[in-house]
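The entries below follow the order in which I went through it.

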Amino acid sequence: MRLTVIGTGYLGLTHAVCMAELGHEVIGLDTDAKKVAQIAAGETPFFEPGLEALLRKNLDAGRLRLTTSYGEAAEFGDIHFLCVGTPQAADGSADMSHVHSAVDGLSPHLSSACLVVGKSTVPVGTARKLIARIRSRAPAKDKVEIAWNPEFLREGFAIQDSLSPDRLVFGAMSDRPADLLRQVYASPIASGTPSLIMDLETAELVKVSANAFLATKISFINAMAEVCEKVGADVVRLAEALGRDERIGRRFLAPGLGFGGGCLPKDIRAFRSSAEELGVDSLVNLLGEVDAINLNRRSRVVDLARKAVGGKLTGRRIGVLGLAFKPGSDDVRDSPSLHVCGLLMHESAVVTAHDPAALNAAARIRPDLRYADTISKAAEGADVVLHLTEWSEYQAIDPAMLAAVVARRNIIDARCALDGQLWRSAGWAFQVLGRQ
Ligand code: NAD
């Protein structure tokens with residue numbers, strides 16, 4: 001099939017490459033000409049395991065090409081996937097301007113029957129508004145149809161999640177769009193991936209409610225961490241025991257610094273904003289608390305750092321381990337670690353940070369932070385070391401070796417991932433969120 005993918009960021013590039021890998025002919029379109037040239041040259045603009053090799057394979061095979069031209073994309077494709085960003089607006093709602101400019105760019109070129117498929121995460125009710133907007137601008141008018149096919153991929157596992165998703169959700173107003181989507185995804189469906197067909201609104205809601213549920217689970221265990229800190233209990237053992245209950249499950253029950261990244265924080269705020277508009281106060285309150293618990297963990301780490309240096313952070317040297325919002329990624333969008341760095345710098349601490357993958361991405365957002373390309377350099381002369389992203393290399397640090405470079409042996413494990421006994425036996429004052 002001939003597909004276009006509009007927006008070649010994390011989601012769109014992965015989708016374009018994976019659709020080509022499934023054997024479709026694909027054009028990826030982005031308004032960022034520099035990004036388009038980089039991708040066309042076989043380079044991914046972000047770190048995602050295995051994606052660059054698969055991109056090159058499909059460019060070389062001639063199944064994938066890139067453009068900035070809506071005319072070219074519209075003429076080429078029978079199905080157009082919308083994968084542009086829906087960032088957070090100043091009031092917390094979803095900023096729909098990229099989605100609107102994408103459909104406004106595409107629509108005037110749609111002169112024959114085709115299907116527009118939304119994959120971006122959007123407020124409920126978007127698809128129905130978009131199809132009216134598209135048909136009012138497209139020469140093909142009612143021959144343009146719409147479907148919603150929300151995306152659940154996880155950064156770090158994007159290829160696996162795209163080629164073998166655990167479910168496919170197709171929101172459609174009639175049988176034809178769902179049939180076309182079944183053809184697009186014939187290969188994963190043949191391998192056993194269930195395809196769930198529903199109305200447009202329910203499909204839009206599946207995505208935002210999945211993210212709201214996952215965020216709630218993380219904030220729940222982090223609220224338990226607060227309780228554990230008060231009574232001297234151990235949130236890691238608690239989570240382990242809770243997670244063994246099949247009804248609860250272990251995943252997304254890891255206590256620590258909470259969630260960040262380009263999806264969960266903005267998606268729960270946008271969903272909260274939708275709930276506000278719809279007058280569903282219970283959800284407004286619930287998601288407000290989930291967000292507040294999440295942000296509290298960040299200031300808690302700063303409190304512990306202050307305590308570790310005996311009061312004031314002014315002029316104190318802090319070594320930060322980890323900047324990406326999670327290990328295996330160079331994504332620093334709404335990174336809890338970068339937020340903590342900002343809070344520390346606000347109190348005039350001198351912060352030097354290390355990350356195995358995200359140094360460049362972080363430097364683009366926070367050029368005022370000091371960066372180190374080795375763990376030792378980040379910790380050099382530090383009054384306190386903060387472990388903020390649980391990369392496996394940090395679990396492999398020899399505490400005795402690191403002790404040789406720091407000014408004081410203080411470490412705070414905000415991800416509950418280091419071996420406290422090991423650090424303490426090497427003479428470190430070891431503090432950890434939610435446990436002793
Ligand atoms: P991103 O910022 O990485 O990519 C968006 C891309 O769209 C950029 O390359 C930008 O240049 C391009 N763009 C903007 N306006 C455009 C236009 N008018 N025409 C063509 N291209 C345009 O964002 P992302 O992380 O890929 O997220 C995209 C959507 O997917 C969001 O709604 C997000 O919530 C959702 N999503 C993301 C993930 C993820 O893991 N990143 C997972 C599931 C869903």
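Entry 1, a helix crossing. I began with H10 and H13, where H10 passes H13 in a left-handed crossing. I note that the model is a predicted one. H10 covers residues 200-231 and H13 residues 281-308; their axes come within 9 Å and cross at roughly 50°. I then listed the residues in contact. From H10 they are Ala-212, Ala-215, Thr-216, Ser-219, Asn-222, Ala-223, Ala-225, Glu-226 and Glu-229. H13 contributes Leu-287, Val-290, Ile-293, Asn-294, Asn-296, Arg-297 and Arg-300. By class, I have seven nonpolar, five polar and four charged residues in the contact of H10 with H13.

On the H6 side I recorded Thr-126, Ala-127 and Arg-128, and on the H10 side Leu-200, Glu-201 and Glu-204. The contact of H6 with H10 divides into two nonpolar, one polar and three charged residues.

H5 is residues 97-106 and H6 is residues 126-137; I noted an angle of about 30° and axes 9 Å apart. Angles under 35 degrees count as roughly parallel, so H5 is roughly parallel to H6. Val-99, His-100, Val-103 and Asp-104 of H5 meet Leu-130, Arg-133, Ile-134 and Arg-137 of H6. I sorted the residues of the contact of H5 with H6 into four nonpolar, one polar and three charged.

Which residues come nearest to the ligand? I have 28 residues around the ligand, and the nearest are Asp-30, Lys-35, Tyr-70, Thr-86 and Lys-266. I followed two of these further. For Asp-30, a side-chain N or O atom is 2.6 Å from an oxygen atom of the ligand. For Lys-266, a polar side-chain atom lies 2.7 Å from an oxygen atom of the ligand. I also looked up His-98, where an N or O atom of the side chain is 3.4 Å from a nitrogen atom of the ligand.

Technical notes
Residues are numbered from 1 along each chain as its sequence is written. This is a predicted model: local features need pLDDT of at least 70, side-chain atom pairs count only at pLDDT 80 or more; totals for chains, interfaces and linings use all residues. Side-chain values use heavy atoms; hydrogens and water are left out. Axes are lines fitted to C-alpha atoms, for helices over the stretch in contact, and angles run from 0 to 180 degrees between N-to-C directions. Helices (H or I, at least four residues) and strands (E, at least two) are DSSP runs, numbered from the N terminus. A crossing is left-handed if the near helix is turned anticlockwise from the far one by less than a right angle, and right-handed if clockwise. Contact means heavy atoms within 4.5 Å. Ala, Val, Leu, Ile, Met, Phe, Trp, Tyr, Cys and Pro count as nonpolar, Asp, Glu, Lys and Arg as charged, and the others, Gly among them, as polar. A residue is near a molecule or strand if one of its heavy atoms lies within 4 Å of it. A polar contact is a pair of N or O atoms within 3.5 Å; within protein, one must be able to donate a hydrogen and the other to accept it, and residues adjacent in sequence count only if both atoms are side-chain atoms. Angles under 35 degrees count as roughly parallel, over 145 as roughly antiparallel, 65 to 115 as roughly perpendicular and the rest as oblique.
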